[in-house]
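Welcome! Take a moment to look over the sequence and the model, and then let us walk through them together.

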Amino acid sequence: MTDKQVKIPGPDHPISIEANPSRVVVKVGGKIIADTSAALTLREASYPPVQYIPRRDVDMAALTRSEHNSYCPYKGDASYYSIPVGGDRSRDAVWTYEAPFEAMAQIKDYVAFYPDRVDEIS
């Protein structure tokens with residue numbers, strides 16, 4: 001087993017997290033899956049911004065935990081959820097860092113959605 005590399009965001013790979021003052025709503029299959037005014041916008045290097053939504057504002061009963069997982073050297077281990085009402089398209093549509101690295105502690109207890117695996121993020 002290899003040790004996972006841990007990296008700290010910096011000038012070569014900047015990551016910023018800031019409160020999003022706007023309401024964020026996620027819909028799948030005509031159903032509202034998340035509705036919040038407390039989203040965090042994470043901007044990482046050259047990637048598009050991602051909205052992280054507090055779990056308390058997500059219909060977690062509409063999600064099914066997946067066996068899929070991934071690793072980010074800046075954030076840590078990610079767990080995934082599927083949204084059954086969205087069918088195959090919404091498989092592994094949601095990710096979360098349940099124990100993020102210290103530098104990314106703000107996103108603990110938040111989830112994010114792949115925009116192409118849901119009907120709408122507005």
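**A first look**

Asp92 is buried, with a relative accessible area of 14%; buried means under 20% relative accessible area, exposed means over 50%, and partly exposed lies in between (1.4 Å probe, protein chains only). This is a predicted model, in which local features need pLDDT of at least 70 and side-chain atom pairs count only at pLDDT 80 or more, while totals for chains, interfaces and linings use all residues. Residues are numbered from 1 along each chain as its sequence is written, and side-chain values use heavy atoms, with hydrogens and water left out.

- You will find Asp92 in the loop between β7 and β8; the strands named here (E, at least two residues) are DSSP runs numbered from the N terminus, as are helices (H or I, at least four residues).
- The phi angle of Asp92 is near 55°, a positive value in a residue other than glycine.
- Asp109 also has a positive phi, near 70°, and is likewise a residue other than glycine.
- The loop between β8 and β9 holds Asp109, and this residue counts as partly exposed at 44% relative accessibility.
- Asp116 sits in the loop between β9 (110-113) and β10 (120-121).
- With a relative accessible area of 55%, Asp116 is exposed.
- Asp116 and Ile15 are 101 residues apart along the chain, and their C-alpha atoms are separated by 22 Å.

**The seven-stranded sheet**

- Seven strands form an open sheet in the order β1-β4-β5-β9-β8-β7-β6, with antiparallel pairing; two strands pair if DSSP finds at least two bridges between them.
- β1 (15-19) and β6 (64-72) are the edge strands, each pairing on one side only.
- From one strand to the next, the twist averages 30°; here axes are lines fitted to C-alpha atoms (for helices over the stretch in contact), and angles run from 0 to 180 degrees between N-to-C directions.
- Inside this sheet, β5 and β9 pair in the antiparallel sense over three bridges.
- Look for Pro54, whose bridge partner in β9 is Tyr110.
- β6 and strand β7 (residues 76-82) run antiparallel and are joined by six bridges.
- Thr64 has Ser82 as its bridge partner in β7.

**The three-stranded sheet**

- Three strands form another open sheet in the order β3-β2-β10, and the pairing is antiparallel.
- Its edge strands are β3 (31-36) and β10, each pairing on one side only.
- Strand β2 (residues 24-28) runs antiparallel to β10, and two bridges join them.
- Lys27 stands opposite Glu120 in β10.

**Aromatic rings**

- How many aromatic pairs does a search of the whole structure find? The search finds three; rings of Phe, Tyr and Trp (its six-membered ring) pair if their centres lie within 6.5 Å, and planes under 30 degrees apart count as stacked, over 60 as edge-to-face and the rest as tilted.
- One of them joins Tyr52 and Trp95 in an edge-to-face pair, 6.2 Å centre to centre with 90° between the planes.
- Tyr52 lies in strand β5 (residues 50-54) and Trp95 in strand β8 (residues 94-96), so this pair ties together parts that are 43 residues apart in sequence.
- Both Tyr52 and Trp95 are buried.
- Trp95 also forms a tilted pair with Tyr114, 4.5 Å centre to centre with 45° between the planes.
- Because Trp95 lies in strand β8 and Tyr114 in the loop between β9 and β10, their pair ties together parts that are 19 residues apart in sequence.
- Trp95 has a relative accessible area of 9%, whereas Tyr114 counts as partly exposed at 27%.
- Ring pairs link Tyr52, Trp95 and Tyr114 into a cluster.
- The charged end of Arg117 sits over the ring of Tyr114, 4.4 Å from its centre; a charge sits over a ring if NZ of Lys or CZ of Arg is within 6 Å of the ring centre and within 35 degrees of the ring normal.
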